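Me: I'd like to learn how to read cores, pockets and cavities in a model. Can you walk me through it?

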Amino acid sequence: MPDAEIRAIRAILAASPRPPDLPSRRARLDAVFGNFPLAPGAVAEAADADGVPAEWTSVPAADTSRAMLYLHGGGYVSGSIASHRSMVSHLGAAAGIRTLALDYRRAPEAPFPAACEDSLAGYRFLLRQGYTPDRIVIAGDSAGGGLTMATLMALRDAGETLPAGGFCISPWVDLMNSGESMAGKAEIDPMIGKAYLDEIAAQYLNGADAEVPRASPLYGSLTGLPPLLVQVGTAETLLDDSTRLAARAAAADVRVTLSVYPEMIHVWHLFHANLAPARAAIAEAGAWMRWVLGLPPY
């Protein structure tokens, strides 16, 4: 039986159902998660990543020579720096590094491939700031996890030096929404279902083929990518996106760590203030980032 903490989170979600219109959906995400506290001592500072709105966060003890580029979730249509600020600051604190979160362009105002264009700009901005690729991790949740994979693949295809690693939380990597868990987990996922994913996929794709790897990284080659960490909960309709991604990465000789958390819902990390498994996942991610970035364990 799910423990009291995750039952309480489910109750919060049930009391705040997704609104029917996009502006209200965007406002709801910012309202639900935007008031969570930053990591102790963390400071947030607005930035312009070569035309892409962004935000630095850092704790006093952070190694500022290393950085995480963070790509928020929200199905490419919602989510923001504000909704993910707290979680991003805690991930940075767990790794002991600086973070740069991007407010990449969202659909339907800016459909595919605008988000990937902005994530590439964010990575190249870090390079111009003096960060070497071996001192950068690209990370993201949900759509941002898919965007993390798309960005890594685009950099590889362009012949650019890849970052030290890619970290994905509950990644959405198949915009065909074809995984068996779409049906198998539909009754227990309180966050997202296939009908909603089909709706926002259409908004993002705007007529593009859902199987294009830059939109659905699951259908592209993963050969040559850096080490990956994929975290997912068992109560997710997107569970199979993570398991299939990890399997394809392993088949392509990519070093991949798949970490599956029992009873956890989509991007449970956002509830870190009230949920012990969220804090555990953030700690795991921090340790992994320190490893790929060549930092000693805490």
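Predicted model: local features only at pLDDT ≥ 70, side-chain atom pairs only at ≥ 80, totals over all residues.

Reply: Residues are numbered from 1 along each chain as its sequence is written, and side-chain values use heavy atoms, leaving out hydrogens and water.

Me: Which residues touch the most other members of the largest nonpolar core?

Reply: A nonpolar core is a set of buried Ala, Val, Leu, Ile, Met, Phe, Trp, Tyr and Cys residues joined through side-chain atoms within 4.5 Å; buried means under 20% relative accessible area (1.4 Å probe, protein chains only). Here, L91, F167 and M289 touch the most other members, out of 98 residues. Helix α5 (residues 143–157; a DSSP run of H or I, at least four residues) gives the most, 8 residues.

Me: How much space lies in the largest pocket?

Reply: On a 1 Å grid over the protein atoms alone, a pocket is an open set of points with protein on both sides within 12 Å along at least five of seven lines, a cavity is a set where a 1.4 Å probe fits but cannot get out, and lining residues have an atom within 4 Å of a point. Points are joined across faces, edges and corners, and a volume is the space filled by probe spheres set on them. The largest pocket holds about 440 Å³, and R18, R28, L29, M191 and I192 are the closest of its 28 lining residues to its centre.

Me: Which residues line the largest cavity?

Reply: E55, T57, I81, H84, R85, V88 and A101 do, around about 40 Å³ of space.

How values were computed: Buried < 20%, exposed > 50% of the residue type's maximum accessible area, 1.4 Å probe, protein only. Helix = DSSP H or I, 4+ residues; strand = E, 2+ residues; numbered from the N terminus.
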